Amino acid sequence: MNALKSFKSLALAAALVLGAATPAVFAQPMMGPGGHGGPGMHQRGPGGHGGFDGQRLMHMLDDIGASEAQITQIRTIFRTAREELRAQAGQGQGLHLQMLQLWAQPNIDAAALDALRKQQLAQHERVSARMQAAFVEAGRVLTPEQRAKMLDLAKKRMDRMQRRANRGG
């Protein structure tokens, strides 16, 4: 029973952390050096790329007492995932454009749109699976105590968000 409870807590922590950092993963800057965004935006210390790695995640790592070595390892894990997913981003954009083009036709082909929707779902699944693998790998860098602290921080953040939502803003 204790092992099941620990597993559920770990699974919840991973889901909360994934949920907290995922928006940063998909918020890829559209411009490179010299423009707005691009590598180096939201840096956390020298050479850090907190924009992709998730600024919130980097703050949480500070809050749980992660060492510089752990932070560096985790940053590398997510940088690698970002590079792998960057190639898939073009595929997703291409599918979206194809869907819009089909939708704009004089006669809407529901079957063709559905086929593209299924391709988009498959592409999203590949991205999701890759991000989950990165979070598993990052979780292995942290100690069980650090992951438990992260779960606590994520729960507190979710509670604050829920209270704000209940207040209407």
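In this predicted model, helix α3, spanning residues 55–63, packs against helix α6, spanning residues 144–167. Two packed helices are described by the angle between their axes and the distance between the axes. For α3 and α6 the angle is about 125°, and the axes lie 10 Å apart. Angles over 145 degrees count as roughly antiparallel and those from 65 to 115 as roughly perpendicular; α3 and α6 are therefore oblique to each other. Their crossing is right-handed.

The contact itself can be followed residue by residue. On the α3 side, R56, L57, M60, L61 and D63 take part, and they meet M150, L153, A154 and R157 of α6.

Elsewhere, attention turns to aromatic rings. A pair of aromatic rings is described by the distance of the centres and the angle of the planes. The ring centres of F78 and F135 are 4.7 Å apart and the planes stand at 65°, so the arrangement is edge-to-face, the class for planes over 60 degrees apart. F78 belongs to helix α4 (residues 68–104) and F135 to helix α5 (residues 110–141), so the pair ties together parts that are 57 residues apart in sequence.

Note on methods: Residues are numbered from 1 along each chain as its sequence is written. This is a predicted model: local features need pLDDT of at least 70, side-chain atom pairs count only at pLDDT 80 or more; totals for chains, interfaces and linings use all residues. Side-chain values use heavy atoms; hydrogens and water are left out. Rings of Phe, Tyr and Trp (its six-membered ring) pair if their centres lie within 6.5 Å; planes under 30 degrees apart count as stacked, over 60 as edge-to-face and the rest as tilted. Helices (H or I, at least four residues) and strands (E, at least two) are DSSP runs, numbered from the N terminus. Axes are lines fitted to C-alpha atoms, for helices over the stretch in contact, and angles run from 0 to 180 degrees between N-to-C directions. Angles under 35 degrees count as roughly parallel, over 145 as roughly antiparallel, 65 to 115 as roughly perpendicular and the rest as oblique. A crossing is left-handed if the near helix is turned anticlockwise from the far one by less than a right angle, and right-handed if clockwise. Contact means heavy atoms within 4.5 Å.
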